[in-house]
Amino acid sequence: MIAGDSGTRDDGVKHPTPENWLVPDETGRGFGEVNLATGERRAATGEGWAVQFLAVELSPSAPAEVRDMWEVARGVALYGWFYYPLYAIAEHQLRRVADAATFHRSRQAGGPANASFRRRVEWLIEHGVIPVEKRARWDAIRALRNETTHASIRHLVMPLDVLRVLDLLQVEIDALFAG
């Protein structure tokens, strides 16, 4: 059952129509900013999220294939403003970018062909490409990639979650291809 012209049904998720597909999703409007020093509140805007998402770029030293995947993930995040479930898809895609980054880095370093994400991370650690102290982080990235890739339920995240994943993975992916 559709409630009003917004296309939002009883489940709280926007259901796109030809009339509403370019209308910002009401769910995302709830995630504004609060200045912790002053308590001032600012409403969320698509432009505000766009500036933050687009500010997180991979280094040019990352392979073009990985940077292209990164651009797709950021693009999906941008359109989460119009269809809130896209934020979760962007987050999932970012973890696939990390998987692809280990594939490309392992291949560059002469790693095993056709290895699993887990084996690539292990190999990169064994060969000093990924510092051993980063094992837990890369295991978590891999586990979350597996969980979201094989999910059987709808997964929704906040735009801030996507920004955090962007920030974290930018550092880790850039480190793979540094120097």
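The largest nonpolar core has 38 residues, among which Trp-70, Val-162 and Ile-173 touch the most other members. A nonpolar core here is a set of buried Ala, Val, Leu, Ile, Met, Phe, Trp, Tyr and Cys residues joined through side-chain atoms within 4.5 Å. Buried means under 20% relative accessible area, exposed over 50%, and partly exposed in between (1.4 Å probe, protein chains only). At least two residues of this core come from each of helix 2 (46–54), helix 3 (64–79), helix 4 (86–108), helix 5 (117–126), helix 6 (135–149) and helix 7 (159–176). Helices (H or I, at least four residues) are DSSP runs, numbered from the N terminus.

The model is predicted: local features need pLDDT of at least 70, side-chain atom pairs count only at pLDDT 80 or more, and totals for chains, interfaces and linings use all residues. Residues are numbered from 1 along each chain as its sequence is written, and side-chain values use heavy atoms, with hydrogens and water left out.

Leu-163 lies in helix 7. Its relative accessibility is 9%, so Leu-163 counts as buried.

The structure holds 5 aromatic pairs. Rings of Phe, Tyr and Trp (its six-membered ring) pair if their centres lie within 6.5 Å; planes under 30 degrees apart count as stacked, over 60 as edge-to-face and the rest as tilted. The ring centres of Phe-53 and Tyr-87 are 6.2 Å apart and the planes stand at 55 degrees, so this pair is tilted. It links distant parts of the chain: Phe-53 sits in helix 2 and Tyr-87 in helix 4, 34 residues apart. Both Phe-53 and Tyr-87 are buried. Ring pairs also link Trp-49, Phe-53, Tyr-84 and Tyr-87 into a cluster.

Phe-117 and Trp-138 form another pair. Their ring centres are 6.5 Å apart and their planes are at 80 degrees, so the geometry is edge-to-face. This pair, too, links distant parts of the chain, with Phe-117 in helix 5 and Trp-138 in helix 6, 21 residues apart. Phe-117 is buried at a relative accessible area of 4%. Trp-138 is buried at 1%. Phe-117 is 46 residues from Leu-163 in sequence and 23 Å from Leu-163 in space, C-alpha to C-alpha.
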